[in-house]
Amino acid sequence: MSIYQNSIQAFIQVIESESNLISHQDWVDLNQLVSDLSEDAEEISKIIEDWLELNSRNQILQAYERQPEVIISSSSIDSDKNLGPGNTKSPTKPNQPSQSDKELLDNAIKKNSPLFNSPPPKQQP
């Protein structure tokens, strides 16, 4: 995995584990940000880091900066014992293309964002 993909995975882990640090407006910004991304991992990584440094997102940035160490230390793969970090198996079927970094990020945002997961408003009778 490239350093750019590690960076993207670190940000996805922050989104999944520290979503409470992300404000409603930040979720709106992230949703817009991901819709404008290309498929280039280097560009995605740079845009994520720029977004984190913008507008004093210090707590999110600190959580993000802790993640690469976790990813690197947990990413050793021993094909005799397991298939991936945490003994996970790839969700991608053999001989099928994997999701792009953009798709992974987009899915993580949609899965964890209150914008997409809030219950519909109750209607008054």
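I began by settling what counts as a helix or a strand: helices are DSSP runs of at least four residues, strands are DSSP runs of at least two, and both are numbered from the N terminus.

**Entry 1: the overall picture.** The model I am looking at is predicted. Of the 125 residues in the chain, 30% are buried. I then looked at contacts with a separation of 6 or more, and noted that residues 24 or more positions apart account for 72% of them. The chain exposes about 8,600 Å², with carbon and sulfur atoms supplying 49% of that area.

**Entry 2: helix α2.** I checked the length of α2, whose 12 residues should span 16 Å at 1.5 Å a residue, and its end C-alpha atoms are 17 Å apart, which agrees. Which residues of α2 are buried? I found D26, W27, L30, L33 and V34. They cover an arc of only 125 degrees around the axis, which puts them on the same side of α2. I reminded myself that an α-helix has 3.6 residues a turn, so residues three or four places apart point the same way.

**Entry 3: the salt bridges.** The structure holds 4 salt bridges, and I followed several of them by name. D26 forms one with R57, their closest N and O atoms being 3.0 Å apart. Because D26 lies in helix α2 and R57 in the loop between α3 and α4 (58–74), this pair ties together parts that are 31 residues apart in sequence. Are these two residues buried or exposed? D26 counts as buried because its relative accessibility is 11%, and R57 is buried too, with a relative accessible area of 5%; the cut-off for buried is under 20%.

R57 also forms a salt bridge with D29, at 3.4 Å between the closest N and O atoms, and here the partners are 28 residues apart. D29, at 26% relative accessibility, counts as partly exposed.

I next looked at D50 and K46, whose salt bridge has its closest N and O atoms 3.1 Å apart. They are 4 residues apart in helix α3, which means about one helical turn separates them. Shared partners join D26, D29 and R57 into one network of salt bridges.

**Entry 4: a loop residue.** Where is D40? I located D40 in the loop between α2 (24–35) and α3 (41–53), and its 40% relative accessibility makes it partly exposed. D40 and K102 are 62 residues apart in sequence, while their C-alpha atoms are 8.2 Å apart in space.

Conventions: Residues are numbered from 1 along each chain as its sequence is written. This is a predicted model: local features need pLDDT of at least 70, side-chain atom pairs count only at pLDDT 80 or more; totals for chains, interfaces and linings use all residues. Side-chain values use heavy atoms; hydrogens and water are left out. Buried means under 20% relative accessible area, exposed over 50%, partly exposed in between (1.4 Å probe, protein chains only). Contact means heavy atoms within 4.5 Å. Accessible areas come from the Shrake-Rupley method with a 1.4 Å probe; for residues, only the protein chains shown count as cover. The expected span of a helix is 1.5 Å times one less than its number of residues. The arc is that of the directions from the helix axis to the C-beta atoms. A salt bridge is a side-chain nitrogen of Lys or Arg within 4 Å of a carboxyl oxygen of Asp or Glu.
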